[in-house]
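Good morning, and thank you for coming.

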Amino acid sequence: MASSLVARSLARTFSDGLQVYTAAAPNQNFVESLWQGIYWFEVSRAKPSLLVLQASFDTFRKTGIRPGFTSLLDDDSFRASMSAFRQTNPARAWSSDFDEGFKTHSTLAAASETETDKSSTVESRLRGLLEGVPLFAAREKRRSSFLTALYLARVHLLRISPTTKRHITGQPLEQNLQALLDLVAIARQHDCEVLVYNAPTNPAVSMFYEDEYDRYLKRLAEEVTGAGAHFVDLRNVVESPNWGY
C-alpha cells in the first residue's frame with residue numbers, strides 16, 4: 001500500500017513516464033537485497049534510477065538467502081555476474097550466505113533432475129496410488145501443523161511475544177549492514193540514487209534496548225550516508241493512535 005501511495009504522489013509530480021516497481025519480498029534481508037540488486041544492475045536492461053530501501057530492526061536480525069532468490073542462478077548472465085562479483089569481493093561478512101545460496105541452488109537443481117528421472121518409475125506410480133490414501137494425501141498439511149505446534153511451544157516455553165525486547169548486535173547485524181553498503185556502492189556505480197529510511201515503530205511498544213537501538217541508528221545513518229546514500233529517520237512519523245492493534 002505504501003509503495004502504491006508513493007507511486008500515485010510521484011505521478012502527480014512528474015509527467016515523464018516515471019515507473020515505480022515494488023521488488024521487496026516478505027521479511028527480506030539485505031543479503032537477499034544485494035543478491036537481487038546484482039541482477040538489477042548487472043543483468044537487467046531496465047536499471048533503476050532511484051532505489052528506496054527500508055531499514056527496520058528485523059531486517060538486521062535475519063540472514064541467509066531463500067530458494068526463491070537462488071533461482072536467479074538459472075540465468076547464465078546472472079551466474080556470470082555473481083561469479084565476477086564474488087571474485088572482486090572475496091572476504092565480506094555476507095560471503096558465507098552467498099556460498100550457501102549457490103549450494104542451495106545446486107541441491108534443488110539436482111533434486112529436480114532426480115524427480116524427472118523417477119517420473120516413469122515404480123516409485124512414481126506407487127506415489128500416484130498413495131495419493132488416494134487420506135493419511136498420505138494430507139502429509140503436507142500434517143507437517144505444517146506439526147511445525148506450527150513446535151513454533152507455538154517455543155513461544156510459550158520461552159515466553160516470547162510480539163513485544164519481547166530483542167538485541168541488535170552480533171554477526172547478523174554485520175552481514176546485513178555490509179550487504180546494504182555493498183548494494184549502495186553497486187547502485188551508485190550505475191548512477192542510481194539510493195534512499196534508505198528507518199522504518200516507523202509504534203511508540204507505545206518498547207521492543208528494543210534503547211542504548212543498543214540508538215547506537216544502531218547512529219551507525220546506520222553514518223555508514224549509509226558515508227557510502228553515498230540519502231538517509232531519513234521515520235521512527236516517529238506514525239503516532240501511537242494510528243497503529244491500531
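This is a predicted model: local features need pLDDT of at least 70, side-chain atom pairs count only at pLDDT 80 or more; totals for chains, interfaces and linings use all residues.

Leaving aside residues up to four places away in sequence, Thr-70 touches Trp-35, Ile-65, Gly-101, Thr-104, His-105 and Leu-108. Thr-70 belongs to helix H3. With a relative accessible area of 1%, Thr-70 is buried.

Now to the chain as a whole. The protein chain contains 10 helices and three strands. Read from the N terminus, the order of its elements is α-α-β-α-α-α-α-α-α-α-β-α-β. The C-alpha trace spans about 60 × 45 × 40 Å along its principal axes. Of the 245 residues in the protein chain, 29% are buried. Among contacts with a separation of 6 or more, 81% are between residues 24 or more positions apart.

I turn next to helix packing, with H2 as the point of reference. Two packed helices are described by the angle between their axes and the distance between the axes. How do H2 and H9 pack? The axes of H2 and of helix H9, residues 171-189, come within 8 Å and cross at roughly 15 degrees. Angles under 35 degrees count as roughly parallel, and H2 is therefore roughly parallel to H9. The crossing of H2 past H9 is left-handed.

The residues in this contact can be followed on the screen. On the H2 side they are Phe-30, Val-31, Ser-33, Leu-34, Gly-37, Ile-38, Phe-41 and Glu-42. On the H9 side they are Gln-175, Asn-176, Ala-179, Leu-180, Asp-182, Leu-183, Ile-186 and Ala-187. By class, the contact of H2 with H9 comprises 10 nonpolar, four polar and two charged residues.

H2 also packs with helix H4, which covers residues 76-88. Here the angle is about 115 degrees, and the axes are 10 Å apart. H2 and H4 are therefore roughly perpendicular to each other. H2 passes H4 in a right-handed crossing. From H2, the contact involves Leu-34, Trp-35, Ile-38, Tyr-39 and Glu-42. From H4, the partners are Phe-78, Ser-81, Met-82 and Phe-85. Seven nonpolar residues, one polar and one charged make up the contact of H2 with H4.

The salt bridges are my next topic. How many salt bridges are there? The count comes to 10. I shall take several of them in turn.

Arg-66 and Glu-32 meet through their side chains in a salt bridge, at 2.8 Å from N to O. This pair links distant parts of the chain, 34 residues apart: Arg-66 lies in the loop between strand S1 (50-55) and helix H3 (67-70), and Glu-32 lies in helix H2 (residues 30-42).

Glu-210 and Arg-235 form another salt bridge, with their closest N and O atoms 3.5 Å apart. Glu-210 is in helix H10 (residues 210-226) and Arg-235 is in the segment after strand S3 (230-233), so this pair ties together parts that are 25 residues apart in sequence. Glu-210 is partly exposed, with a relative accessible area of 36%. Arg-235 counts as buried, at 16% relative accessibility.

In the salt bridge of Arg-188 with Glu-193, the closest N and O atoms are 3.8 Å apart. Arg-188 counts as partly exposed, at 30% relative accessibility, and Glu-193 is partly exposed, with a relative accessible area of 32%. Finally among the salt bridges, Glu-174, Arg-219 and Glu-223 are linked in a network.

Met-207 is partly exposed, with a relative accessible area of 21%. Which distance separates Met-207 from Arg-166 in space? From C-alpha to C-alpha they are 6.4 Å apart, while in sequence they are 41 residues apart.

Thank you for your attention.

Definitions and conventions
Residues are numbered from 1 along each chain as its sequence is written. Side-chain values use heavy atoms; hydrogens and water are left out. A salt bridge is a side-chain nitrogen of Lys or Arg within 4 Å of a carboxyl oxygen of Asp or Glu. Helices (H or I, at least four residues) and strands (E, at least two) are DSSP runs, numbered from the N terminus. Buried means under 20% relative accessible area, exposed over 50%, partly exposed in between (1.4 Å probe, protein chains only). Axes are lines fitted to C-alpha atoms, for helices over the stretch in contact, and angles run from 0 to 180 degrees between N-to-C directions. Angles under 35 degrees count as roughly parallel, over 145 as roughly antiparallel, 65 to 115 as roughly perpendicular and the rest as oblique. A crossing is left-handed if the near helix is turned anticlockwise from the far one by less than a right angle, and right-handed if clockwise. Contact means heavy atoms within 4.5 Å. Ala, Val, Leu, Ile, Met, Phe, Trp, Tyr, Cys and Pro count as nonpolar, Asp, Glu, Lys and Arg as charged, and the others, Gly among them, as polar.
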